[in-house]
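Dear colleague,

I am passing on the structure we spoke of, and my notes on it follow below. Please read them with the coordinates open.

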Amino acid sequence: MLDMRQVTKVYRTELVETHALRSLDLHVREGEFVAVTGPSGSGKTTFLNIAGLLETFTGGTYKLDGEDVSGLSDDARSKLRNRKIGFIFQSFNLIPDLNLFDNVDVPLRYRGMSASERGDRIKEALSRVGLGSRMKHFPAELSGGQQQRAAIARALAGSPRLLLADEPTGNLDSQMARAVMEMLEEINASGTTIVMVTHDPELAARAQRNVHIVDGMATDVVSGPSLRAPAE
Ligand code: ADP
Ligand code: ADP
């Protein structure tokens, strides 16, 4: 699903050069649920943004679902992102002056679907996360956990192959965090590959696989009993 080889990312400003990714090798198979941990500043968000085609990289190769993305134009990259990838962020990133229905509609509007197909998908996605009766509510009228579920609905409505989550439970209390994690497990069980950055060791332990990023390089963590059966 995701194949990165020797990926590097250098941020250059007039004064400094930051090597955010030094030589990152990571292969994520279809259907995996991977938790990514690591110290602050080690390159986790940079990795996720590159994986999600939000950012370009400096060197190495990245194949998403078999397609080499290095040579793509900005436009082709956006299209591929829209078709294949869903995102969830720590800060939910819902648009405050749109109700939940319209928030979930935002990424679908770029997909060339009819209004009726979009409407069906929006209702289905919001129902799936238990917010079917809140479609007309605005983000500020919901709890943090509900807002994150709405963000999950927005990510899922486009039927992404790959779901990328950057600290999805970072702003939630532990009960809401567990509910969101359960939802992600369900989504993974239905076939969506998930890569999640988290600081929470309890959540990381629940993923099938743990990858540690330190100093811009990734390694698998093989210690520790997993609560779930390993992939394959
Ligand atoms: P993490 O998510 O693990 O905290 P990041 O990927 O956010 O780490 O950052 C990795 C390194 O790259 C850090 O040193 C950070 O300061 C730097 N960095 C991240 N984004 C930028 C940017 N847009 N411009 C310059 N440096 C950046
Ligand atoms: P943090 O993890 O620091 O709380 P976020 O999770 O909100 O930050 O966002 C992670 C990264 O994704 C940031 O670099 C941000 O610029 C980028 N980002 C956030 N929302 C979007 C979006 N809707 N489209 C594109 N990029 C986004």
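Two strands are taken to pair if DSSP finds at least two bridges between them. On that basis, in this predicted model, six strands form an open sheet with mixed pairing, in the order E6-E7-E8-E3-E9-E10. Its edges are strand E6 (85-89) and strand E10 (217-221), each of which pairs on one side only, and neighbouring strands are turned by 20 degrees against each other on average, direction ignored. Within the sheet, E3 (residues 33-37) and E8 (residues 193-197) run parallel and share four bridges, one of which joins Val34 to Val195.

Two helices lie across this sheet. Helix H1 lies across E3, E6, E7, E8 and E9, at about 155 degrees to E7, while helix H6 (residues 174-189) lies across E3, E6, E7 and E8, at about 150 degrees to E8.

The surrounding residues include Tyr11, Thr18, Pro39 and Lys44, and the shell as a whole divides into three nonpolar, seven polar and one charged residue. As for polar contacts, oxygen atoms of ligand 1 lie 3.1 Å from a backbone N or O atom of Ser42, 3.0 Å from a polar backbone atom of Gly43 and 2.8 Å from a side-chain N or O atom of Lys44. The protein covers 60% of the 570 Å² of accessible area that ligand 1 has on its own.

Definitions and conventions:
Residues are numbered from 1 along each chain as its sequence is written. Chains are lettered from A and ligands numbered from 1 in the order in which they are written. This is a predicted model: local features need pLDDT of at least 70, side-chain atom pairs count only at pLDDT 80 or more; totals for chains, interfaces and linings use all residues. Side-chain values use heavy atoms; hydrogens and water are left out. A residue is near a molecule or strand if one of its heavy atoms lies within 4 Å of it. A polar contact is a pair of N or O atoms within 3.5 Å; within protein, one must be able to donate a hydrogen and the other to accept it, and residues adjacent in sequence count only if both atoms are side-chain atoms. Accessible areas come from the Shrake-Rupley method with a 1.4 Å probe; for residues, only the protein chains shown count as cover. Ala, Val, Leu, Ile, Met, Phe, Trp, Tyr, Cys and Pro count as nonpolar, Asp, Glu, Lys and Arg as charged, and the others, Gly among them, as polar. Axes are lines fitted to C-alpha atoms, for helices over the stretch in contact, and angles run from 0 to 180 degrees between N-to-C directions. Contact means heavy atoms within 4.5 Å.
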